[in-house]
Amino acid sequence: MLERRLNRLSRASLLLSLLFMSASQAEEPSAQPWSDNPEGVALGQLIHARPASSGRVGVMNFHLINKRGRSRERTALMAHSEIEETTRVAIYFTSPASIQNTVFLNHEHVSQDNDSWLYLPATERVRRLPASERADPFMGTDLSYGDIRDNFRFPIEHWEFRAGALVSERDRELRILEGQARNEESAREMGYGRFEALIDETTLFPVRIEYFDIHDKALKQVTVSQVGQVGEAWTALSFEVENHQTGHRTEVFFEDMRFVPDLNERVFQPTALADGLPRIP
Amino acid sequence: MSQSLQRRSSRRISIAALCLSLGLPGLTWASTFETVSQRSELEYWVGADGEEGRIALSRLSLRPSIQLRAGTHWDIDMAARLEAAYDRTGLGTVRSFSPAARPLIDGDHVRLGIDRLVISRRFGDNRLSLGKQTVPWGVLDGLQITDRFDPVRRRDFVLTEVRPERLARWGLRWRHDGEGLRADLAVAFDPTVNQLAQSGDRFEPMAPRLRGGLDGDLAGASIALRQSDRGRYWHDATFGLRLGHSLGRADVSLLALSGPDTDPLLQLISSDSRQPLIELDYPRRELIGATLEVPEGSRVWRMELAHIPDQPLNTESTTPLSSDRRGRTLAGLGMDWNAPRGWFVNAQLAVDHIDGGRPEAVRPRTDVITTLRAQRGFMQDELKWRSEILASLSDGDGVVRSAFDWQASDALSLSMGFDWLFGTRKGLFGQYRDASQLWSRTRLVF
């Protein structure tokens, strides 16, 4: 499985290099129309197909800082798994006490709508959440539910891409990638009309993404400050999201992120959410 | 004298259960205990009477809880509740609790009790839980169609943040969560049936339909009220089995339960004209039901259906407080909707129908209840607004509730709101039309 993914990645990287080589000999790609930018499409697809670990677990720390500088903190155990056509994310909040034992679970399927559940200890019930509304803020953070699901990818069903030039930043060569929502419905669903991103082609991770809302006003900036390899896949270990319109920002960093290939199925079962923090060896 | 003995006996049983529950695992695995989570919630809830502006609710509560883990299979979950109130709402009766479930400290204005005490062990796909626990079944919010295993608190009517407020009972639960089929078998060896408001308190049932058809003050000096014996642990045990399965993306479940009814049946024990004696009885009844939960885009649909073939109820007759058993069918439909711009909407409709017969039941043959709730968060959920209407379409009464919640810090939250009750005094909601209130809640969680 790992070998297949790496092969797929190398083939894709080669294709990307060839595409960029031809693009650099031609006109400035960003001047090209959205519908005719194979470099952008290829890069968008590569990012979308970026390998993910079959199982990883880490402690997720959120710092929520409002425009007056007041800070709130959240800590959660995050379990993530991508197997076959389903990506599963479980977030078990451990602090502060007011949201302790709250659990969010999402199963994202390639071929059908996503399934989400929320366990609130006060209600003692696991509640199935309506799908969509990707744009809704996730648990009071500046991340949307869609951001959590996408994991620094750009869903190709929602975006058209346009690749730009290479730029140098902190001794790294980064590729400009722009995205535009395919249609109004996609824009409304994501809460984003377009984005401008700098992509590290080695890891296929965005280093910085500037999102614009559906009225083309600057909405938020996502800055990934640290990525690490967990198992066979690159993972963001530290990032920040700043909302330009509210002045609010969210800092996220992971601790003890580790590769757990044989993650227990129960971690991602809705009925097990009420049992509390899972045991993960 | 007998009450005093019963109270002491109840305390002994509770303390013994506490010691047993804590002691047994402690002896074996004391060194391997790991604290998984720990929190305490301190809350002050104050309400002013909407009509006269008097303080009608003033309740302070402290609820500590802890979850421990021992080894790779054992879990212990404990929670306690200390409450103090000096108001017209009161802390509710505990006479409808079994002796083992009663508070350890039971004063007129202060109570200390065990909210939850569960020891669980996992065996592969199975989980066995022993102790004082709840069994939340059903998929609708607050509308109890199939969700009738647990007794609930009614001391605040339905004006609580979470509905229903379940009461944990001593018992055993086995859950199997295998490939496809999910099974949940529960037995509560604890005849606790509910928690009603005490006589004279704000939410004492007043509508004739809840008082065996009687008008007037049951707590009056000329009538004596008593609870049926709540100490018959085996005879009044509740048994239930729920089987669940996924059908595509839908979840379906079938369930059956048998246990004492959680609504009282009023029985005339003595018709001595100087002091008639009325007993609140809770005869056993059976329920079969089904639930269905179907996601559909930005909506989730929920459906429940239940049938009670032998619902005990009071009937209208020349003999006061006569009773009978009738078939009862309940059905409910609900929808969650993630509406645009961050709004969340929940709408529900329920029908509760009693089979016809002579003499007629003191309650209407059909109740139709609807609920509609809308809520939205602002400023990264620091501020939340929620509003709801609960109404009986058959009686034309209901309650409108609205509140703002402000999360002042990670630990401190402040809420303010109002509950406006309207409608006929004979209705489920209208009976409390004088209990409309403005309220404020301060909560510290640490």
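**Exercise 1. From one salt bridge to the chain interface**

Starting from the salt bridge between the side chains of B:R249 and A:D115, describe the interface of chain A and chain B.

Solution. The side chains of B:R249 and A:D115 meet in a salt bridge with an N to O distance of 2.7 Å, in what is a predicted model.

Step 1: ask which elements of chain A take part. Strand 2 (71-83) and strand 6 (125-129) of chain A are the elements that give two or more residues to the side of chain A that touches chain B, and strand 6 of chain A gives the most, with four residues.

Step 2: turn to the extent of the interface. On the side of chain A, 40 residues are in contact with 51 residues of chain B, and the two chains bury about 3,700 Å² between them, of which 38% is on carbon and sulfur atoms. A:R125, A:R128 and A:R279 supply 20% of the area that chain A buries against chain B, more than any other three residues.

**Exercise 2. The two domains of chain A**

Step 1: consider the buried area. Between domain 1 of chain A and domain 2 of chain A about 1,400 Å² is buried, and carbon and sulfur atoms give 46% of that area. The residues A:R149, A:H248 and A:E251 supply 35% of what domain 1 of chain A buries against domain 2 of chain A, more than any other three residues.

Step 2: look for polar partners. Three residue pairs, both at pLDDT 80 or more, are in polar contact between domain 1 of chain A and domain 2 of chain A, and the rule finds one salt bridge across this interface. A:E82 and A:R153 have side chains that meet in a salt bridge, at 3.1 Å from N to O.

**Exercise 3. Strand pairing in each chain**

Work out the order of the strands in the three-stranded open sheet of chain B, and then describe how strand 7 and strand 8 of chain A are joined.

Solution. Strands of a sheet pair through backbone hydrogen bonds, either parallel or antiparallel.

Step 1: order the sheet of chain B. Its three strands follow the order 9-13-12, with mixed pairing; strand 9 (224-227) and strand 12 (265-270) of chain B are the edge strands, each pairing on one side only. Neighbouring strands of this sheet are turned by 30° against each other on average, direction ignored.

Step 2: examine one pairing in that sheet. Strand 12 of chain B and strand 13 (residues 277-281) of chain B run antiparallel and are joined by five bridges, and B:L266 stands opposite B:L280 in strand 13 of chain B.

Step 3: move to chain A. Nine bridges join strand 7 (residues 159-169) to strand 8 (residues 172-181) of chain A, and these strands run antiparallel; the bridge partner of A:A163 in strand 8 of chain A is A:L177. The two strands form a hairpin with two residues between them, and A:R170 in the turn has a positive phi of about 50°.

**Exercise 4. Backbone geometry in the loops**

Where do the cis peptide bond from A:S95 to A:P96 and the one that joins B:R358 and B:P359 lie, and where is A:E124 found?

Solution. Step 1: take chain A. The bond from A:S95 to A:P96 is cis, with omega near 5°, and A:P96 has its place in the loop between strand 3 (86-95) and strand 4 (103-109) of chain A.

Step 1: take chain B. The cis bond between B:R358 and B:P359 has an omega of about -5°, and B:P359 lies in the loop between strand 17 (344-354) and strand 18 (366-378) of chain B.

Step 2: A:E124, a residue other than glycine, has a positive phi near 60°, and A:E124 is found in the loop between strand 5 (115-120) and strand 6 of chain A.

Notes. Residues are numbered from 1 along each chain as its sequence is written. Chains are lettered from A and ligands numbered from 1 in the order in which they are written. This is a predicted model: local features need pLDDT of at least 70, side-chain atom pairs count only at pLDDT 80 or more; totals for chains, interfaces and linings use all residues. Side-chain values use heavy atoms; hydrogens and water are left out. Two strands pair if DSSP finds at least two bridges between them. Axes are lines fitted to C-alpha atoms, for helices over the stretch in contact, and angles run from 0 to 180 degrees between N-to-C directions. Buried area is the accessible area (1.4 Å probe) that two parts lose on being put together, summed over both. A salt bridge is a side-chain nitrogen of Lys or Arg within 4 Å of a carboxyl oxygen of Asp or Glu. A polar contact is a pair of N or O atoms within 3.5 Å; within protein, one must be able to donate a hydrogen and the other to accept it, and residues adjacent in sequence count only if both atoms are side-chain atoms. Contact means heavy atoms within 4.5 Å.
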